[in-house]
Amino acid sequence: MKFKFHVLFFFLFTISSVHQLCAGEIETLKKNFVSGILSEGDEDLINILKTIPRETISSDQIVVELMQRYPRTEAEIRELLSHSNADGSWSDIDYADKSLSGWKPFVHTQRTFMLAKVYNQKGSSYYHSKALIDRIHQSLQYWFKSKLVCRNWWYNQIGVPKALGAVFLLVEDQLSVSEKEEAVTVMLNSKIVGTGQNMVWQSGNVLMRGLLQNNMQLVKQGRDSIAAQIVRNGSVEGIQIDHSFHQHGAQQQFGNYGAAFISDMGFWGKIFSGTTLAIDQPKLDILADLITQGYQRVIWKGFLDVNGLGRQFFRHAQEFKALSAAFAANRLRYADAKNKDKYSNFLNKGFLTVKGSPDLQGVYHFWNSDQTVARRPKWMASLKMASSRIIGAESLNGDNLKGFYIGDGAIYTYIDGSEYKDVFPLWDWRKVPGVTAYETQLPLNGATEGNRNHASFVGNVNDGNIGLTTMQLKRDKLSALKSYLFTDDFVLCLGAGIATDSASIVTTAIDQRLKRGELKHLKNKTWVGVKSLDIDAVQDTRFFSDQTGYIVLNAPKVAARDELKSGLWSDIMRSYPIDVKGQDSVLSLWIDHGLQPKNSAYQYFILPAATEQKTAAFDVKSVEILSNTKDLQVIFLIKERAVLISTLKAGEVKLPFNGTLKTKQPGLFLIKYKTQNGKPTVIYNDPTQELKFADYELNGVSSRVNLK
């Protein structure tokens with residue numbers, strides 16, 4: 001009997017201990033959650049954020065969350081409260097709005113969140129203010145009674161529970177029993193379903209419900225589901241093995257879903273830190289690689305590359321998206337001691353000090369996303385493409401209304417990062433830099449999966465320093481072979497076989513950016529300012545502006561413009577009111593291939609971080625373009641003693657030094673000669689990603705490259 005009593009006592013004691021442990025863990029998680037919401041430890045980044053004008057109109061969750069980090073003055077809170085009604089609503093919110101993106105009633109939840117955050121901020125006169133908590137109660141009651149539903153499922157299942165879930169936890173000790181029941185009802189709209197970042201959002205909401213109900217099992221389910229998304233996927237959505245991120249199919253999503261993913265991982269990673277739910281080190285290593293090997297490559301001096309924005313061309317989008325990655329890195333360095341130095345370096349080089357040479361210099365190709373990045377000590381270039389494997393872009397919920405061509409070989413060069421800052425409403429979206437497209441007056445549609453490139457020959461070959469990226473374009477009855485060569489000093493762009501059956505003019509855009517200096521043309525060895533210039537039968541014509549030189553070697557016609565332009569943000573992002581305008585001077589350079597071309601071509605150099613003198617003196621003979629046809633492009637870099645080849649067909653290629661390359665498969669080659677008579681080294685890549693091996697013969701010596 002005594003033994004049974006001891007067993008029973010031990011059993012009850014164990015249950016009590018486990019219960020106390022769970023209760024203590026939940027309290028720690030709640031404390032960490034509130035600390036995260038109040039952005040404690042993010043002060044340096046918030047100081048940077050404050051230098052960027054606050055965005056008051058956005059349907060992007062990342063921007064919404066960044067705006068929540070802006071410190072609010074007491075005058076702003078008073079102004080906000082002045083618009084409140086006795087029933088808990090706000091007089092300036094359209095609660096009848098039916099928009100799919102930028103749903104206006106969602107602002108109600110954001111404002112309630114803002115008030116709950118201020119209520120918890122020590123040092124504010126509103127800290128634990130009875131008047132403020134009364135207003136928060138009224139706001140919650142209005143939402144509970146109204147039961148508003150958006151036509152876009154995202155707001156109902158993710159956006160609203162995410163915003164209000166934070167409110168419930170921030171003022172949990174002030175909620176009545178009935179309010180807590182209503183709060184749980186709101187949170188029940190989220191289930192652990194979906195893929196990629198949508199799954200993370202849903203799981204986070206379920207986790208918040210677990211905290212609200214003091215249910216450790218539910219908390220752990222949410223945590224485990226979040227952590228389960230931290231895997232490198234070869235083909236499905238989420239983190240890719242090349243350190244890019246996919247969502248909505250095989251589509252690069254650095255600035256949209258990917259940014260939200262790392263933001264949430266930083267938020268939850270810091271909350272879990274120091275508890276039994278801490279994320280395992282192997283998964284923390286994957287996150288560190290995604291940020292310091294992926295995001296760090298597409299962020300330049302505090303700006304996210306335009307090619308990383310996806311469909312979200314908001315005001316200040318490049319700065320906001322980059323900062324979201326910085327906040328994620330800052331939080332993860334608290335949660336990941338092993339990779340803390342990597343995160344600190346990412347923050348210092350990209351945001352906090354921006355001193356010294358940038359990291360990750362050289363050429364890198366995101367082979368799972370058809371994107372190439374070249375980073376040099378003073379400049380960066382980025383190229384985005386599409387293929388039969390990879391979706392180039394999307395237009396959804398009123399976003400990216402004109403981005404039909406943004407995945408068709410768009411190339412941007414950066415020196416200070418701001419070259420394309422908010423240029424989007426001013427753009428001619430048929431002349432996205434690097435893109436070959438139709439020039440017509442017809443309305444331009446957004447990008448859809450059905451309009452993707454119908455060619456698999458899209459890829460890159462590089463040795464880490466120099467590289468050649470090729471895109472066979474087959475889209476919208478337009479075909480071309482486009483290649484981009486990246487070196488230490490320049491980017492060389494080649495196009496050939498440009499043809500269409502459509503009765504339209506075809507152009508290739510060289511650049512279209514904000515004017516940051518006079519546009520000049522080299523005429524008779526003298527730089528002359530120009531506003532509008534058209535040149536026929538171009539052989540060697542040179543332009544310069546904003547520390548960047550442009551040399552067009554071979555083109556049927558070149559056009560240059562320096563114009564003051566204006567445009568409506570609502571034309572590209574429907575969430576903006578029609579009275580929100582942009583205006584600035586824009587520099588545009590493009591090649592005109594004429595009406596219905598059958599076999600047009602182009603050759604031009606971009607010289608970033610150059611001078612007028614360097615552009616004028618650049619020796620184009622240092623680069624030999626040995627072939628530029630619809631099937632074969634061959635470039636010889638004399639100084640580097642390197643040959644780069646893009647061949648669509650098997651066959652024979654004549655090389656320098658009386659050499660010959662015989663290929664049995666299409667592909668990309670980088671051949672480097674150490675000495676004129678020495679044995680060259682060969683790097684091969686299959687842009688189609690379909691071959692198991694490739695055979696070639698170089699100067700009579702056969703070789704096989706195994707690819708699988």
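Q: Which helices each supply at least two residues of the lining of the largest pocket?
A: This is a predicted model, in which local features need pLDDT of at least 70 and side-chain atom pairs count only at pLDDT 80 or more, while totals for chains, interfaces and linings use all residues. Residues are numbered from 1 along each chain as its sequence is written, and side-chain values use heavy atoms, without hydrogens and water. Helices are DSSP runs of H or I with at least four residues, strands are E runs of at least two, and both are numbered from the N terminus. At least two lining residues come from each of helix 3 (61-69), helix 4 (74-82) and helix 5 (106-119).

Q: Which helix gives the largest share of the lining of the largest pocket?
A: A pocket is an open set of points on a 1 Å grid over the protein atoms alone, where a 1.4 Å probe fits, with protein on both sides within 12 Å along at least five of seven lines; lining residues have an atom within 4 Å of a point. The largest pocket has a volume of about 1,000 Å³, the volume being the space filled by probe spheres set on points joined across faces, edges and corners. Of its 35 lining residues, the closest to the centre are Thr56, Ile57, Val107, Gln110 and Arg111. The largest share, five residues, is from helix 5.

Q: How far apart do the C-alpha centres of domain 1 and domain 2 lie?
A: An automatic or database assignment sets the domain bounds, dividing the chain into domain 1 (22-352) and domain 2 (362-619). Their contact (heavy atoms within 4.5 Å) takes 46 residues from domain 1 and 46 residues from domain 2. The two C-alpha centres are separated by 35 Å.

Q: In strand 22, which residue is the bridge partner of isoleucine 551?
A: Eight of the nine residues of strand 22 (residues 600-608) are buried, that is, under 20% relative accessible area with a 1.4 Å probe, protein chains only. Strands pair if DSSP finds at least two bridges between them, and strand 22 pairs in the antiparallel sense with strand 14 (residues 491-500) over six bridges. Six bridges also join strand 22 to strand 20 (residues 548-568), again antiparallel. The bridge partner of isoleucine 551 is phenylalanine 605.

Methods:
Buried < 20%, exposed > 50% of the residue type's maximum accessible area, 1.4 Å probe, protein only.
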